[in-house]
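Below are some notes for a colleague who has the sequence and the coordinates open and would like a guided reading, point by point.

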Amino acid sequence: MRKKIVLCLLLVVCMSNGSRGAGKITGKVTFMGPIPKTELFTCPNDQAVCGKQQSLDRLVIGKDHGVANTLVFIKNPPPASLSLLKPTTITQDHCRFVPHIVVAAKGSSVQFINNDDVLHNCHGYYYSYGSTAERTTAFNLAQPTAGQKNNQELRKQGMISLECDAGHTWMTAWIWVTANPFATITNSDGEFSFDGLPPGKYTIVIWHEGWDMVSIS
């Protein structure tokens with residue numbers, strides 16, 4: 001059976017005296033069909049830090065089949081400041097990138113922190129879904145010591161796939177670099193929301209690794 005992710009979208013318009021017509025969109029991404037079993041990868045090295053096995057299952061299902069770690073953004077957003085987005089931090093913790101997917105503002109910097117007493121590196125590639133072209137490096141940072149911190153500027157809009165080349169092939173993550181502050185990641189139960197939207201018609205795009213990108217208006 002083919003796996004399917006379906007966007008269940010609930011539109012809620014919230015009006016208040018101080019908002020001058022500001023609206024809110026809430027929704028939930030859900031999984032249809034039997035939930036796949038978690039795949040495990042046997043770690044070939046650094047087992048004292050990484051453990052003997054790591055999960056390769058990128059599909060995280062929460063309450064009522066909600067899908068976590070799904071990117072949701074408004075394709076035709078109203079003008080708004082990128083300062084609405086929070087600063088971005090990704091840690092290497094027990095040989096995993098945490099969090100698994102983040103949203104970051106174009107022109108900002110992401111901070112990488114190595115919490116493990118082993119060599120990691122943060123190798124970012126510009127990513128285009130479905131492309132067969134050779135991958136292009138966005139950045140490549142070595143972090144050999146525990147507690148090391150590095151900041152990396154994000155100059156180009158779009159998706160970056162993140163990997164560790166230091167013998168930890170299961171370590172992957174994603175960075176969505178955006179010039180649109182109306183972008184977010186679903187929570188552990190697949191839920192998301194956007195606040196402060198003026199009245200209008202919007203197109204919402206959802207993306208999850210391994211599935212086709214979907215838009216809904």
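1. A residue is called buried here when its relative accessible area is under 20%, exposed when that value is over 50%, and partly exposed in between. Because its relative accessible area is 23%, S108 counts as partly exposed, and this residue belongs to the loop between β8 and β9 (109–114). S108 and T178 are 70 residues apart in sequence, yet their C-alpha atoms lie 9.9 Å apart in space. Please keep in mind throughout that this is a predicted model.

2. Strand β8, which covers residues 101–105, is mostly covered, since 5 of its 5 residues are buried. The side chains divide between two directions: I101, V103 and A105 point one way from the strand, V102 and A104 point the other way, and all of them are buried. On the pairing side, β8 runs parallel to strand β14 (residues 172–178), with 5 bridges between the two. Within β14, W174 is the bridge partner of I101.

3. W174 also belongs to an aromatic cluster, which it forms together with Y127 and W207. The structure as a whole holds 8 aromatic pairs. In the pair made by Y127 and W207, the ring centres are 6.3 Å apart and the planes meet at 75°, so the arrangement is edge-to-face. This pair links distant parts of the chain, with Y127 in strand β10 (residues 120–127) and W207 in strand β17 (residues 204–207), 80 residues apart. How accessible are the two partners, Y127 and W207? Y127 is partly exposed, at a relative accessible area of 28%, whereas W207 is buried, at 2%.

4. Strand β10 deserves a point of its own. Of its 8 residues, 6 are buried, so the strand is largely enclosed by the rest of the structure. It is joined to strand β11 (residues 136–143) by 7 bridges, in the antiparallel sense, and to strand β13 (residues 158–163) by 5 bridges, also antiparallel.

5. The charged end of R135 sits over the ring of Y125, at 3.7 Å from the ring centre. K156 lies over the face of Y126, at 4.4 Å from the centre of that ring.

6. Which strands each supply at least two residues of the lining of the largest pocket? They are β6 (88–92), β8 (101–105), β15 (183–185) and β16 (191–197), and β16 gives the largest share, with 4 residues. The space in this pocket is about 450 Å³. It is lined by 19 residues, and those closest to the pocket centre are L85, K86, V103, A183 and T184. Sorted by class, the lining has 12 nonpolar, 5 polar and 2 charged residues.

7. E191 is found in strand β16 and is partly exposed, with a relative accessibility of 38%.

8. Some backbone geometry calls for a careful look. Most residues other than glycine have a negative phi, and most peptide bonds are trans. H94 has a phi near 55°, a positive value in a residue other than glycine, and its place is in the loop between β6 and β7. C95 lies in the loop between β6 and β7 as well, and its phi, near 65°, is likewise positive in a residue other than glycine. C95 is also buried, with a relative accessible area of 0%. The peptide bond from V98 to P99 is cis, with omega near 0°, and P99 is in the loop between β7 (97–98) and β8.

Technical notes
Residues numbered from 1 in each chain as written. Heavy atoms only, no water. Phe/Tyr/Trp six-rings, centres within 6.5 Å; stacked < 30°, edge-to-face > 60°. Buried < 20%, exposed > 50% of the residue type's maximum accessible area, 1.4 Å probe, protein only. Lys NZ or Arg CZ within 6 Å of the ring centre and 35° of its normal. 1 Å grid on protein atoms, 1.4 Å probe; cavity = no way out; pocket = protein on both sides within 12 Å on 5 of 7 lines; lining within 4 Å. Points joined across faces, edges and corners; volume = space filled by probe spheres on them. Nonpolar A, V, L, I, M, F, W, Y, C, P; charged D, E, K, R; others polar. Pairing = 2+ DSSP bridges.
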